[in-house]
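Let's take a quick tour of one protein model. Have a look at the sequence and the 3D view, then go through the notes below.

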Amino acid sequence: MTDIWSDRRQAYVESDAHRGGDDLELLVSWAAGGRTALDVATGGGHVARRLRAAGLEVVTTDAAPGMRPDVVSRAEHLPFADGSFDVVACRTAAHHFADVRAAVREMARVSGDRVLLVDTVHMGDDVEQAEMLRDPSHVRNYTDAEWAGIVVEAGLVLDHVVFLPHTFDLAAWLARTGCQGEEAERAVVLLGERVAEGRLTLDKIAIRAGKGSEV
Ligand SMILES: C[S@@+](CC[C@H](N)C(=O)[O-])C[C@H]1O[C@@H](n2cnc3c(N)ncnc32)[C@H](O)[C@@H]1O
């Protein structure tokens, strides 16, 4: 696999689209009561930072060594025993996974209690095309129905689904992946009314799922 992510670490640590957001608050509240957590595809480490601040012991994984995770690993093969963590979280990364079903199955396997997922939700073909122009490593944003299927197929019980609009700086979003010139112009056209006054709004889906009826 070509590692395009390792050189992007600083950009993702500083990213306004990643370092804050209501979804982070939600993840922290959904992790309450857990003692240990795994942050899958940690990127700039924002989920891990927030969960540690809330008192959890957190291990981070990412496929890119340059993201400096505790453990370098693809989400599709997590090198941990069954039920190793109370909470397994994965934020704004699943749309890059080659095999999202295998990844969520692995998250379910290594979780002892709950899996928390946040990602950009499917907003139609134009947004998908814009995402791919901006970052060819984009695989797909999934609809809420697709997410429900992925979660249930992994053997989890779907507990909560929340939709959150997420607004951030458009130029910084394009620059993070080096998208410029005609490709950037075309992406902005495809995004249509989601762009206003230099800011882009994409919708996120947040999912809380459990291993059983105790969630
Ligand atoms: C947008 S960043 C992650 C954002 C981060 N979770 C946050 O909340 O700010 C996407 C991350 O997914 C990682 N990644 C991409 N494909 C992966 C895979 N198959 N398994 C694990 N990590 C992967 C990249 O290396 C990158 O660090």
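The largest pocket comes in at a volume of about 860 Å³. Of the 45 residues lining that pocket, Trp5, Ala41, Thr92, Ala93 and His96 are the closest to its centre. Keep in mind that this is a predicted model.

**Around the pocket**

- Sort the lining of the largest pocket by class and you get 19 nonpolar, 15 polar and 11 charged residues.
- Several helices each give at least two residues to that lining: α2 (16–19), α4 (46–53), α6 (125–134) and α8 (170–176) are among them.

**Where two helices meet**

- Helix α3 covers residues 22–30, and its axis comes within 10 Å of the axis of α4, crossing at roughly 45 degrees.
- Because of that angle, α3 counts as oblique to α4.
- The crossing of α3 past α4 is right-handed.
- On the α3 side, the contact is made by Leu24, Glu25, Leu27 and Val28, while α4 brings His46, Val47, Arg50 and Leu51.
- By class, this contact between α3 and α4 has five nonpolar residues, one polar and two charged.

**Zooming in on Val28**

- Val28 sits in helix α3.
- Which residues does Val28 touch, leaving aside its neighbours within four places in sequence? They are Arg50, Leu51 and Ala54.
- Val28 and Arg50 are 22 residues apart along the chain, and their C-alpha atoms are separated by 6.9 Å.

Technical notes: Residues are numbered from 1 along each chain as its sequence is written. This is a predicted model: local features need pLDDT of at least 70, side-chain atom pairs count only at pLDDT 80 or more; totals for chains, interfaces and linings use all residues. Side-chain values use heavy atoms; hydrogens and water are left out. On a 1 Å grid over the protein atoms alone, a cavity is a set of points where a 1.4 Å probe fits but cannot get out, and a pocket is an open set with protein on both sides within 12 Å along at least five of seven lines; lining residues have an atom within 4 Å of a point. Grid points are joined across faces, edges and corners, and a volume is the space filled by probe spheres set on the points. Helices (H or I, at least four residues) and strands (E, at least two) are DSSP runs, numbered from the N terminus. Ala, Val, Leu, Ile, Met, Phe, Trp, Tyr, Cys and Pro count as nonpolar, Asp, Glu, Lys and Arg as charged, and the others, Gly among them, as polar. Axes are lines fitted to C-alpha atoms, for helices over the stretch in contact, and angles run from 0 to 180 degrees between N-to-C directions. Angles under 35 degrees count as roughly parallel, over 145 as roughly antiparallel, 65 to 115 as roughly perpendicular and the rest as oblique. A crossing is left-handed if the near helix is turned anticlockwise from the far one by less than a right angle, and right-handed if clockwise. Contact means heavy atoms within 4.5 Å.
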